Structures are given as C-alpha cells and as structure tokens.
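Dear colleague,

I am handing over a structure that may be new to you, and it is placed just below. My notes on it follow.

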4 protein chains.
Amino acid sequence: VSGPQAAFGGRAGFGRRPALVVVDMSVGFTDAASPLACDVDGALAAIARLLAGAREAALPVVFTTVSYGRADEIAARAFLDKAPALRTLAAGSRWVEIDPRIAPRPAEPVLGKLFASAFFGTPLASLLVAAGVDSLLVTGASTSGCVRATVVDALQHGFRPVVAREAVADRDRAAHEQNLRDMDARYADVVPLETAVGWLAEIAAPVRAAAEASPSPATAPLP
Amino acid sequence: VSGPQAAFGGRAGFGRRPALVVVDMSVGFTDAASPLACDVDGALAAIARLLAGAREAALPVVFTTVSYGRADEIAARAFLDKAPALRTLAAGSRWVEIDPRIAPRPAEPVLGKLFASAFFGTPLASLLVAAGVDSLLVTGASTSGCVRATVVDALQHGFRPVVAREAVADRDRAAHEQNLRDMDARYADVVPLETAVGWLAEIAAPVRAAAEASPSPATAPLP
Amino acid sequence: VSGPQAAFGGRAGFGRRPALVVVDMSVGFTDAASPLACDVDGALAAIARLLAGAREAALPVVFTTVSYGRADEIAARAFLDKAPALRTLAAGSRWVEIDPRIAPRPAEPVLGKLFASAFFGTPLASLLVAAGVDSLLVTGASTSGCVRATVVDALQHGFRPVVAREAVADRDRAAHEQNLRDMDARYADVVPLETAVGWLAEIAAPVRAAAEASPSPATAPLP
Amino acid sequence: VSGPQAAFGGRAGFGRRPALVVVDMSVGFTDAASPLACDVDGALAAIARLLAGAREAALPVVFTTVSYGRADEIAARAFLDKAPALRTLAAGSRWVEIDPRIAPRPAEPVLGKLFASAFFGTPLASLLVAAGVDSLLVTGASTSGCVRATVVDALQHGFRPVVAREAVADRDRAAHEQNLRDMDARYADVVPLETAVGWLAEIAAPVRAAAEASPSPATAPLP
C-alpha cells in the first residue's frame, strides 16, 4: 500500500443490475414547514431523472418512509428521545406520504421503517435478492442520517452501493459534505448524477430495443 | 418544536445495565506501521479505564476484530474493493489480534466480523439480549467507520448507545469531529470519559458491597 | 451425557419479564372459509386467557399478521409460489385483520410480515429489547409454520421462548404434534396453558398490589 | 383454490445460479460416539456427489459448523440449556471439524455458528448476495433442526431453497419425515438426489465447454 489513495476510496464499480432506492423523501423531509426539512430542491429534480431512467430500464424501484404509529413508540423510544423532531412523522399524516413530485407507482414498494437504515426491520434485502439485484443506487434524505445508514447496510448485505451526489440532501452543509467523503472512502462510489443517469441508460438500451421489436412491452410484469 | 436544539440531540439517557464494546482495537488499527492506523494513544488509556470499570461492575465486555480469511473474500469483496487497506487484516496474522495493552480476558468474547457494524453477521445482539443488557457503551476505532456503524445498529436493535468521547479514535480529525456531532445529534449520547467512568462506578457500587459481604466473589460466573 | 433425556429437551426455564406474541391469528387463519384455516377454537380461548394475564401484568403484547400488497409480490415470490393459498392474505382485506374475538388494543403493535418468522423483516426484536423483555410466550397459528419459525428465531435472538400448548393451532394434526415435540426438544419449553397462566399471574401480583396502593395506575404509560 | 394440492406444496422451481450449503456435517454430528450423532451414511455419499457437481459447475460451496468457545456461552445459554448435548461441540475440538470424508477446500468458507440457522449471526446472506446466487441447495444435519431452520431462513432472505432428500440426515425417523413434509409444503422443493445432481450438471455443461476451449481454466478466480 503506497499511500492514502491506495488505502481507501477504491472504485468498487457498478453492478450489472441495480435497484433504485429513494430514502425518506416524504413530505416530513421535503416540506419547509417540517422541523425535519432538508434542502431538497436539487435532489427532487435529480431523483425524478433517476426514477425515469430506472423505470425505462425495468429495474426495481423502492421507496422508504419513516412512520410512527402509537404502538411503534416502544420499539423506537431511544431514537425518538434523541431526535424528538421525528415525532412529526405520525402514521397516517401527510408528513409520511412520499412527496407527490416523485410519487411512487402502484407496483413500487413503499417500505415503512422506524430507524435509519432502509434495511433494518424491513424486507428490503429479501426484495432485492428476489429481484436478482447486485447493486443499489441510493438517493434521498438525509445524507448524514438515513442515506448513510442505508449505504453502510447495502454494502454489508453484499450489494454494491452507489450514491448520485446531486440526488441526496441534508439540512446541514458540513454534515452533508463530510458524509459524502466518508461514504466515498469506505462504502460507496459517490458519482455525479450524469454518471448514474448514463449507467441506467446503458442498462435500458437492450430493454428498449426489445420493446421496439415486440408489440406490447408495457404488459410485461415487473421482475 | 421550538428550534434545532429541541429537534435533535436530545439526551436519551443511560440504561440500567450497559455492556462495554471495544470495536476493532486490533494491532492493525493501533500500530503505526499499519496502513489502517488511527491516533489511538488517548483512546487506549481511556478504554483501559472503562474496561476496569466494567469488570468491577461485572458487566458484559465484548471485543470485535475485523479478520479476513481466504474464504471471506467472496462475502467482503465490495468492502475490500473500496478500502484495499483492509486486506492488511489477514486471519491468523498479528494485525487481527487485540492490542495487548487492553487484552481481553478468557471469558470475554472477541467477535470476528467482516464489515463495519459490530452487529452485522455476528451474534452480538443475541449475546446482549441473553445478558440482559439495555444499553451499549461504544469505544474503539475508527470513529467515522466501525464505531459509527456500531452505534447506529445499537440504536436500531433497541439498545441505548453511549459514546465516551476520549475512548474513540480516528485517523482523520475532521471526520472524527463530524461523526461525533452526527452521532450525538441522532443516535447516541456522546459524553466525556469521566461521565462514563462515573456511570460504571455507580453500577459497580452494590456489586462491590456484595463482594465485601461475601467470602469469594471472584468465583461468581459472568452473567 | 447419559441418554436422550439428558441430551435434548432440557428445561430452559421462564424469564423474569416475558412478552406475549400472538402469531397470525388473522381472519385468514381463523375463518373456516379460508383455504388457510386452522383448528383454532381451543387456541382462541387459550389466547384470550393469556392476553388477560399479560395485560394485567402490564407486559408487552404484540400481534402479527401476514399481509401482501401488490408491491410485496417481488419480495415474497418464492413463498407465494410454494404456498399459493397465501395469496388470500391481500392487504386491506378482512382476511388480514386480527380475529375480533382477540382484538388488539390501540397501543398493542400489529406487525405486518411477509414470511414465517415474526422476527423476519419486522422490528420485533428491537421492540422486545427496548421493552426490556427476556423471554417470549408464543401463541397462534400455525404450529408447524409461523409459530415454529418464530420460536426458533426467538431463541436465536437471545430470548427464552415458551409455548403454551393449547394456545397454538394447526390444520394438520400430525404436523402439529411433531412440531411441538421438535420445539420442546430443542428450542422452547412447551408447557400446559395453566402453567403459562400461572407464570403471568405471578408477574402480575406485585403489579396488582402496586395498583391497589395507588389511586390511578391505569394512567401509567407502557414500558 | 380447489384443494390442498393447490393451497400448499407448489413447485417454486430451481434458480439459475444456486449455492450448495453443507449444514453441520462436523464430526460431532457424524461420529456414532457423539451424543448428537445422526444417521449420516447415506447423506455423506449424497453430499459427496453434490460437492463434486457444484465444484464442476464452479458454484459457491459453503460449510457450517456449530462451535462453542468459553465466551460463547452467554449468547447461546438458552440453546445450551435446552439441548445440553450441544456442549459436546467445544471450539478447537475434533467434534467441530467437518467430517474428513467431505472435507472443505481451502477457498470454501466454513462458517461458525451458535444457533440453528446457517444465516443467523453469520455473513452467509452477504456471501450469497455477493456471489450472485439466487437459490440454495441445502444438505446436512439434522433435518429437523439446523437444516429446516436454514431452509426457512433461505426463503425469508429471498433465495429459493431446494433440499436433496438423500443428502439430509436426522437421528429420529419420524421427525425426519415430518420435517421433509413441512419443508416441501411451505418452503422448499424437496427433490430426489438425482434431480439435484442433474440440475448441477446442467449448470456445469457450459462451464465445462468453456474450460475445454481454453488452455488454463483452473486459474479462473472463484466468483
């Protein structure tokens, strides 16, 4: 090992079949009236482009939302004690709905979660395995919270995580930048949005070709 | 919610019965000759004090070490690709042994792990549940890597994490500081070493009193 | 080891603080019109007694229900292929509601799950840890399916599982009996209903005494 | 749903890329002198054939062994209390070594575990994901213990489990047969050994063809 460059921050590379996960882009994180609001303007536009690309490539798309019902308070007590603002995310309220500007389609799972990682206490890993996925394009909010926890868990579960820089958002600029550096050094390839869009387009190309050669591609079931 | 202070960074408080986890204080992270070396001088001294306190209080003590055998390369490939320096940690080498200055006792588990979190792919959560623990005092290295991943997972598993500031170490000062801020805002109470030492002493007091009233306390099995 | 009696089937014993889990007693498993129906008459009565006992002792009570929305079909495909009758359990239908004869109270979690174990892909373990539980009284249906999978996982997570024999149900008598034998040999103490009722009453006694000594115990929050 | 045949026991089908897992075929389960001994004569021969097939097809092969060191007793206490015979499996003893008649190759992982499922507290799921596997051929002992627990967890993690009937063993005939029925009804395709051998041969065919067309196939790295 000849230096810090060689020790950390290697390129893990993209997989052959990614899924796109949109972490916690619920109104509670995207509406300026919420105590949890992040600076999401750029991220919303970036995520919309990635959603279009993933759907064209017929790749799995998964959303997550943090949501607390009355009966969830036992399990999540320590988290709620640390971050009381999370109590905003009451089950059934508009705060836990995915921002309508990037609304999920009916067949796209919206996984409820109580904690930071999209994998924890949810069937996300099972879903990705059953869908034959080998990598995870992670987007959403916040960079220094649920996005990072999801990236760490993706790697731990055996999936190669990729973060599109413009598609993640935070409410604290210093935390945003340091967490991007941490993730890029150890866990994920942090890449420009255009790189991620290009990757999805490459995967979509044969799908589009097959669709053009066939009369009714729209009826094909999701994988 | 009246401001950022109220929104994040609440005090989750200590539990009644913590365990002490010493994350990755193997020679590969403590010896300056390693490409993974962290600035551990202060942390080694701090951990030694916490080990003494936890042992006097008869609390569970657990060590972790990252170690890769030839057959682990499949599972950990993406992590090894991102951080090639991890290949230093060859199973059976001195790099994966816990630093002798804070050596484990024979009944104290040393859990091998392949990834960042001490919980992932290990029986740590089962051990803590079986030992009747409700909180986890997290120490070790690196602050911005395996310590943080362990703190996030502790909270997710239902344990209250506490970080003793002087007992965690990193190789990058900015990452160290930002990750302490992130953990304190969302996941753990980050406290001065003396506060953690005092907490353990409080728990030890009745244990010591019982020992003084009884002829052979040293023979009592660990919980 | 002197014989099979010594080799397996030891008494693991009760814990000091159990939770009660009611596995999959939704209409889809309790209504004779469902292809998944089990012989639940005795179990419903037994569970009602255990619910009363657990509530009097102020112990955590958790229900589970298997429920599939359109977007869950990716994750659960292999399970749905093996047991097509599971498709009965459509999200939002009456089949996934807990049988009204043993209806949950508002603060009692009803965890949705896609698979057999109540722990898998759910926050059950976190909930039990946060509630300070050390053991799990497992009831519900079916004995040879989700009950057994939950018992194995309870033990693996560090909780002592106990099965009240009359409070579990199946649709196949031979499978029911063999699975009770398997669980009792390896994983759980399988005990008569009266033993479990007595255990809860013992825990309830000081709770009741405290309530009688205090004017408004009912307002105390759940742990 | 027209009858029990339609309700359960569907054929989930094989995957495109299985891994082979050999569960707990350590001396402690295969030597008649052990209190844990199973009737393994047929299973050893069957597993040897499947190992040959999986290696020829360049598929991942994983072994597991249950092994308890002094420090593992906290985590596994409830299991050891239920099945005291498990104490035979002392870390470092010959009882925890894989039976030499089906010895692992150096690059084949031997995962240590404390509990029943090969997935629990181990990096097995991460390994399978990183290896691009979609299904799991489960073999070993005992049918009614660790094999079944592994099969349930494979399905839950999103992998299609297949059991080769002659390649699993138990010490109790009734338990063996009932657990095969339970697994085939709900979780796995239980198939004759020859079917599994044929499946591996099909996968091996193009691998063998490529090897014959290339001068030094033996140097290809494991997936």
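Predicted model: local features only at pLDDT ≥ 70, side-chain atom pairs only at ≥ 80, totals over all residues.

Asp99(C) is found in the loop that runs between helix 4 (77–82) and strand 3 (110–113) of chain C. Its side chain makes a polar contact, at 2.8 Å, with the side chain of Arg101(C). If neighbours within four places in sequence are left aside, the residues in contact with Asp99(C) are Met25(C), Ser26(C), Val27(C), Thr30(C) and Leu44(C).

The next part concerns chain A and chain B. Here 47 residues of chain A are in contact with 47 residues of chain B, and the two chains bury about 3,600 Å² between them, of which 57% is on carbon and sulfur atoms. On the side of chain A, the residues that lose the most area to chain B are Lys82(A), Gln156(A) and Arg186(A), which together account for 22% of what that side buries.

As for where the touching side of chain A comes from, helix 1 (4–7), helix 4 (77–82), helix 6 (143–156) and helix 7 (173–186) of chain A each supply at least two of its residues, and helix 7 gives the largest share, with 9 residues. Sorted by class, that side of chain A has 24 nonpolar, 10 polar and 13 charged residues.

Finally, there is the relation between chain D and chain B. Chain D is superposed on chain B, with an RMSD of 0.0 Å, by a rotation of 180° with 0.0 Å of shift along its axis, so the two copies are related as by a two-fold rotation axis. Within chain D, the C-alpha nearest that axis belongs to Gly121(D), at 2.4 Å from it. Both copies use the same surface, in that 100% of the contact residues of chain D recur in chain B.

With best wishes

Definitions and conventions
Residues numbered from 1 in each chain as written. Chains lettered and ligands numbered in written order. Heavy atoms only, no water. Least-squares fit on C-alpha atoms with pLDDT ≥ 70 in both. Contact = heavy atoms within 4.5 Å. Buried area = accessible area lost by both parts, 1.4 Å probe. Helix = DSSP H or I, 4+ residues; strand = E, 2+ residues; numbered from the N terminus. Nonpolar A, V, L, I, M, F, W, Y, C, P; charged D, E, K, R; others polar. Polar contact = N/O pair within 3.5 Å; in protein donor to acceptor, adjacent residues only side chain to side chain.
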